[in-house]
Amino acid sequence: MDNIERLYKCYEILSEAGDKISEHVAEYKEILQAVKGTSKEKRLASQFIGNFFKHFPELSDTAIDAQFDLCEDDDTQIRRQAIKDLPKLCQGNAEATIRVGDTLAQLLILDDATELQQVNNSLLSIIKLDTKSSITGLFQQITTGDEPTRERCFKFIATKLLTMGPNVITKEIEDYIVDEVKKALQDVTADEFHLCMTILGATKLGSTITGHAELVKLATEQAELNSTDTDAIAVDDEVVERFIQCATAAAPYFSKTIKSTQFVSYVCDKLLPIDTWNLIATAVSQDQIQLRLLKVFAEMITYTDKLENANERINAVYNVLLEYMPLPKLSDEDVADTPPSFQFSHAECLLYALHTLGKKHPGNLTFIEDAEKLKDFRARLQYLARGTQGYIKKLEEALKGKTGEELKTEENQLKQTALKTTSNINILIRDLFHSPPIFKHDIVLSWIVPKSSKLGKRHVPITFGDKGAANGNQETDQQDKKSRPSNEQKFYSPPSGKYSGKVNPNYGNNNNNRGRQRGGGGDELCRVHTTRTKATNCYKGTERLSISYMQFN
């Protein structure tokens with residue numbers, strides 16, 4: 001009798017043994033030994049091991065290891081069969097389910113699409129059988145796995161597990177997921193941090209005010225806002241980048257109830273003092289990381305409470321704003337020189353911040369009490385307004401007569417964003433140019449898409465004259481509708497302008513080497529093992545392009 005026939009004979013004996021099946025240990029051991037045989041023997045062993053697994057608890061570890069050996073086989077067909085049969089080991093066995101969940105979590109890094117689909121299917125199958133044990137195995141890999149595995153596990157939870165509905169994701173299971181993700185936040189990379197916040201936002205935390213407050217608290221803790229060494233902040237790109245990423249994660253949850261005051265105060269105190277500001281990101285593209293910081297600062301400042309030390313904090317905003325508002329040319333010789341580059345994206349953020357803080361603290365704008373400072377500020381505003389109006393005119397001409405389809409092209413979308421940016425600046429200048437400044441208008445920042453807006457719809461241009469004032473007056477309630485900032489936003493650059501450089505900061509090392517083990521114990525899964533690199537506790541910046549404009553002659 002050859003080996004294949006013998007396997008079928010063992011299967012027949014076990015199938016017909018009934019209540020006496022436990023007496024046929026030898027036959028089951030023969031099936032387990034077949035994982036070292038030919039390809040056909042291995043495929044049969046994969047199918048037979050799970051069928052009788054529950055009847056031989058004393059051989060459970062050996063059986064699980066045998067099935068895992070097949071998951072590592074060189075033959076793709078055998079691997080797929082073994083992965084498909086893994087759920088058979090989990091029926092009524094919580095310990096086995098944890099080990100299988102752990103191993104399937106490791107296999108999420110497979111590149112072959114068909115194999116990966118089988119891994120996902122098997123994971124979903126065991127989750128339906130025993131949700132708690134399955135995701136316990138999944139979180140074991142999040143705790144001990146390497147970075148690629150951890151990221152795949154987080155993505156599986158975010159995109160598949162949480163979509164399985166209330167019959168699977170019960171209150172108990174959701175609470176367990178929330179607790180485990182919070183633990184994972186103690187040591188995460190930038191991408192993992194955002195995946196964690198996405199997962200938590202999809203749970204009960206994302207649907208209640210108390211949950212929003214907890215999410216903001218988590219982002220606050222991650223940002224380490226209590227650091228007091230300003231010099232270290234200025235020269236350490238990691239600290240600035242971490243703040244930007246954490247603030248971006250918290251921004252959607254700020255509201256009239258949940259205030260952004262702690263984040264806003266941190267920026268004013270630690271990052272905007274002019275000496276510190278000029279040191280930020282000198283190792284990478286300075287304009288880009290500064291712009292990303294200003295954008296999230298502007299998003300948050302809407303929901304800040306009244307600030308302590310308001311004079312100093314508003315002055316910090318004012319002093320940085322002057323850096324992006326050049327003085328007008330004083331002579332014909334000056335005019336003949338290279339025209340100034342208006343960095344409209346930066347200016348929009350800072351003008352909005354000053355306008356918002358001025359509205360909350362009208363008695364703390366100290367620069368308006370100094371005649372020389374006020375004269376200088378108004379001259380800069382007027383000069384910026386001239387450049388802005390010229391830019392708006394060119395953009396309106398470029399967009400005039402475009403069809404709806406034409407307006408959907410990337411170039412025209414960027415032009416519309418540029419038009420909104422400069423229109424916002426125009427509105428803010430109009431208020432701040434008053435003596436004393438007034439705070440009549442509300443705007444929606446150019447990169448924010450209110451829920452009621454339609455992408456591709458042309459923004460109505462605002463002129464600097466009184467006639468257009470009403471066009472830019474957005475209701476405050478629109479801002480209360482939280483719109484997540486787009487991480488893929490690009491900006492239009494006029495022919496005579498320039499783009500800021502790209503940013504891809506990478507920082508921080510955490511030398512926790514997380515080992516990869518087979519199913520929570522035993523030998524390593526050699527085939528899918530990947531040596532963990534140093535755990536980078538970094539916050540990668542998204543590339544963004546700023547609107548710059550060389551004043552038209």
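These notebook entries record what I looked up about aromatic rings in this predicted model.

**Basis.** I number residues from 1 along each chain as its sequence is written, and side-chain values use heavy atoms, without hydrogens and water. In this predicted model, local features need pLDDT of at least 70 and side-chain atom pairs count only at pLDDT 80 or more, whereas totals for chains, interfaces and linings use all residues.

**Aromatic pairs.** I searched the whole structure and found 14 aromatic pairs. Rings of Phe, Tyr and Trp (its six-membered ring) pair if their centres lie within 6.5 Å; planes under 30 degrees apart count as stacked, over 60 as edge-to-face and the rest as tilted.

I looked up Tyr-28 and Phe-56: the pair is stacked because the ring centres are 4.6 Å apart and the planes stand at 10°. Tyr-28 belongs to helix α2 (residues 25-33), and Phe-56 to the loop between α3 (39-51) and α4 (60-71), so I note a link between distant parts of the chain, 28 residues apart. Helices here are DSSP runs (H or I, at least four residues), numbered from the N terminus. Tyr-28 and Phe-56 are both buried, that is, under 20% relative accessible area (1.4 Å probe, protein chains only).

I next examined Phe-342 and Phe-344, whose ring centres are 5.8 Å apart with planes at 20°, so this pair is also stacked. Phe-342 is buried at a relative accessible area of 0%, and Phe-344 is buried at 0%.

**Cluster.** I recorded one aromatic cluster formed by Tyr-8, Tyr-11, Phe-48 and Phe-52.

**Charges over rings.** Lys-295 lies over the face of Trp-447, 3.8 Å from the ring centre. Arg-378 lies over the face of Phe-433, at 4.2 Å from the ring centre.

Conventions. Helices (H or I, at least four residues) and strands (E, at least two) are DSSP runs, numbered from the N terminus. Buried means under 20% relative accessible area, exposed over 50%, partly exposed in between (1.4 Å probe, protein chains only). A charge sits over a ring if NZ of Lys or CZ of Arg is within 6 Å of the ring centre and within 35 degrees of the ring normal.
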